[in-house]
Amino acid sequence: MEFDTITAISTPMGEGAIAIVRLSGEEAIEIAAKLFRAKSNKRLWEMTSHTIHYGHIIDPKTEETVEEVMISLMRGPNTFTREDVVEINCHGGIVSVNRVLQLVLMNGARLAEPGEFTKRAFLNGRIDLSQAEAVMDLIRAKTDRAMNVALGQMEGRLSKLIRGLRQELLETLAHIEVNIDYPEYDDVEEMTHHLLVPKVENVKNEINNLLQTSSQGKILREGLSTVIIGRPNVGKSSLLNSLIHENKAIVTDIPGTTRDVIEEYVNVRGVPLKLVDTAGIRETEDIVERIGVEKSREVLKSADLILLVLNNNEELTVEDEKLFEAISGMDTIIIVNKTDLPTNISIEKVKQLANNQPVVTTSLLQEEGIDKLEEAISSLFFSGALEAGDMTYVSNSRHIALLNQASLAINEALEGIENHLPIDMVQIDLTRSWELLGEIIGDSMHESLINQLFSQFCLGK
Ligand code: GDP
Ligand code: ZN
């Protein structure tokens, strides 16, 4: 495919001082060459691919030096987009980076749309759709673990799995085809049961295994929305502070998306906790008193995790019991705080009310017990599963929805076989499942859907 040359500022992840103006397309090298004076005096097009060069960006009209730069030259197809790519590494802050960008634009490049570099990689066959989506996840990853999941997906781990499943379905469909075209080949009914059912069931199990990773995958990708509740003075603010201090707070700022999102996360053993601050429920002094048990249940229901703080130094109160009532059935960790003070609470009663949810004792004042709390958080959601580092997670809602639909179609196929429906009915369900899996990796996708997906990307990616 042939495309025009696009450009954007694409700042590398986690870097502040350097900004990169990236160009991709047929004229990328030509345009950059108009602006670049290499220290070596060589022209850009004379240089070998995949090399870096020191020099200056000069405004060709005024001959004025605009910026001191390092330029990376990469000829297609061995590039991310499979096109010629030039990256101009600028050091001089946002003003001069923008001047470089302006010059690139004035000399023939077009400003890239959000995600357009990745879209080109996809359209040029360099990556499939699930890999392209992983690029965005990687940008937004909140912890190392989340990053590993995204990296695995970008390397094509999920794609490979999906391709394997589609291949199996295709082989199954081929068997059916043979039997329809040559009915004398075998007894269709017998063949279906002996040959097809195990194959189809295998695909079904693999899809379901993938779906089982989805809740964890989603947590890693999107964070665990966490609400801290408790009576006044039990130590909620102290808990919040120690979570933030013990763990690096992650602030993600995602520019270039439709709305700029600034979210606050803490990284607890690889699990991104999103400390929810919606309508002041992050720190609820007396939510139950204020709005009643039913209402507060509704408010709290949007949380993935509730941290209920109690005071070790005081007997349980009616308010405490109401809080227990409000959170029953939700993922909760009970924190009995102030263990440095004499115990007046009945731990027996707490355990009874906790109803098998974990109970952790802390003295936030003396910084004790926070590690136990972190342990409880991580094992509540990941019970050891994360240790298998090379697991493939599905974390993307679009993928999860498609896998669910594919699983339904497979079940219908199996039921069809079970109920001795005509084999072409089974064929339809299997084909449908094959198509749905294909949408995950972007086979047979509508252009409008592709555009919509890529429009969620960040500028410069
Ligand atoms: P909140 O009202 O629930 O947010 O409670 P705060 O975190 O503001 O704490 C209320 C008071 O309890 C403050 O004076 C804290 O210093 C104190 N506090 C918090 N944790 C502990 C603890 O573990 N032991 C003791 N002795 N005091 C604590
Ligand atoms: Zn407070």
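Select helix H15 first: its 19 residues reach 28 Å from the first C-alpha to the last, close to the 27 Å expected at 1.5 Å a residue, where the expected span is 1.5 Å times one less than the number of residues. Helices (H or I, at least four residues) are DSSP runs numbered from the N terminus. This is a predicted model, in which local features need pLDDT of at least 70 and side-chain atom pairs count only at pLDDT 80 or more, while totals for chains, interfaces and linings use all residues. Residues are numbered from 1 along each chain as its sequence is written, and chains are lettered from A and ligands numbered from 1 in the order in which they are written.

Within H15, colour the buried residues, among them Val426, Leu430, Trp434 and Leu437; buried means that 20 or more other C-beta atoms, placed from the backbone, lie within 10 Å of a residue's own. Just after H15, Gly442 takes a positive phi of about 90°.

Next, show the largest nonpolar core, whose 107 residues include Ala32, Ile88, Leu308 and Ile335 as those touching the most other members. Helix H15 gives the most to this core, with 7 residues. Such a core is a set of buried Ala, Val, Leu, Ile, Met, Phe, Trp, Tyr and Cys residues joined through C-beta atoms within 7 Å.

Finally, centre on ligand 1, which 16 residues surround, the closest being Gly235, Lys236, Ser237, Ser238 and Leu365; a residue is near a molecule if its C-beta atom, placed from the backbone, lies within 6 Å of it. Helix H9 (residues 236-246) gives the most to this shell, with 3 residues.

Notes: Helices (H or I, at least four residues) and strands (E, at least two) are DSSP runs, numbered from the N terminus. A residue is buried if 20 or more other C-beta atoms lie within 10 Å of its own, exposed if 12 or fewer, and partly exposed in between; C-beta atoms are placed from the backbone.
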